[in-house]
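Visitor: I would like to walk through this model and ask what stands behind each label.
Guide: Gladly. Here it is.

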Amino acid sequence: MSHPPNIESITVDTLRDRAQAMKAGGFRLVQVSATQLPDHVELVYSFDRESRLTNWRLALPHGQTLPSISAIYGCVVLYENEIHDLFGVKVEGLAVDFGGNFYKTSVKYPFGSTKMPCATGTCAPAAAPAPAAPAK
């Protein structure tokens, strides 16, 4: 039987306590994803128990530190280091911190902006699209 996913908005200050409650409740961490938006980074944490997903949506304002949940779910160090390296989010209390070297990219924080990345810093403006052919 298929169940619709449960999606709940949470705040940064409740993240650690809620993760501890999920662990105590027998939930496993499935994934953490990040999306850069103009005024914040949106994080989605997904947990599973008995084939039922529970998802948390967390809006992290730019410049705010993300508390690590790696002391609760050890596997999250991979996600948290990735979020740091690709989005420029400072993660506090990582159990294993790669110090910004988890990913080697030509652009520091390639997903840390809503603007098009440019490795050289001299990107030309996007070309205008070609005019559409007249309808016949």
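**Labels and their cut-offs**

Guide: Ring pairs join Tyr45, Phe47, Trp56 and Tyr73 into a cluster. The model is predicted, so local features need pLDDT of at least 70 and side-chain atom pairs count only at pLDDT 80 or more, while totals for chains, interfaces and linings use all residues. Residues are numbered from 1 along each chain as its sequence is written, and side-chain values use heavy atoms, with hydrogens and water left out.

Visitor: How many aromatic pairs does the structure hold?
Guide: The structure holds 3. Rings of Phe, Tyr and Trp (its six-membered ring) pair if their centres lie within 6.5 Å; planes under 30 degrees apart are stacked, over 60 edge-to-face, the rest tilted.

Visitor: Why is the pair of Phe47 and Trp56 called tilted?
Guide: The ring centres of Phe47 and Trp56 are 4.6 Å apart and the planes stand at 50°, so the pair is tilted. Phe47 and Tyr73 also form a tilted pair, because their centres are 5.6 Å apart and their planes are at 50°.

Visitor: What does the pair of Phe47 and Tyr73 tie together?
Guide: Parts that are 26 residues apart in sequence, because Phe47 lies in strand S3 (residues 40-49) and Tyr73 in the loop between strand S5 (66-67) and helix H2 (76-87). Helices (H or I, at least four residues) and strands (E, at least two) are DSSP runs, numbered from the N terminus.

Visitor: Are Phe47 and Tyr73 buried or exposed?
Guide: Both Phe47 and Tyr73 are buried. Trp56 is buried too. Buried means under 20% relative accessible area, exposed over 50%, partly exposed in between (1.4 Å probe, protein chains only).

Visitor: Why does Arg49 count as partly exposed?
Guide: Arg49 has 37% relative accessibility, so it counts as partly exposed. Arg49 sits in strand S3.

Visitor: Which backbone oxygen does the side chain of Arg49 reach?
Guide: That of Gly25, at 2.7 Å. A polar contact is a pair of N or O atoms within 3.5 Å; within protein, one must be able to donate a hydrogen and the other to accept it, and residues adjacent in sequence count only if both atoms are side-chain atoms. The C-alpha atoms of Arg49 and Gly25 are separated by 8.6 Å.

Visitor: In what order do the 4 strands form the open sheet?
Guide: The order is S1-S4-S3-S2, with mixed pairing. Two strands pair if DSSP finds at least two bridges between them. S3 and strand S4 (residues 52-61) run antiparallel and are joined by 10 bridges. His40 has Pro61 in S4 as its bridge partner.

Visitor: What makes strand S1 (6-10) and strand S2 (28-36) edges?
Guide: Each has a single partner strand, so one side of each is left without a neighbour in the sheet.

Visitor: Which residues of H1 are buried?
Guide: Leu15, Ala19 and Met22. They cover an arc of only 60° around the axis, which puts them on the same side of H1. The arc is that of the directions from the helix axis to the C-beta atoms. An α-helix has 3.6 residues a turn, so residues three or four places apart point the same way. The face of H1 turned away from its buried side carries exposed Asp17 and Ala24.

Visitor: What covers the buried residues of H1?
Guide: The cover includes S1, S3, S4 and S5. Contact here means heavy atoms within 4.5 Å.
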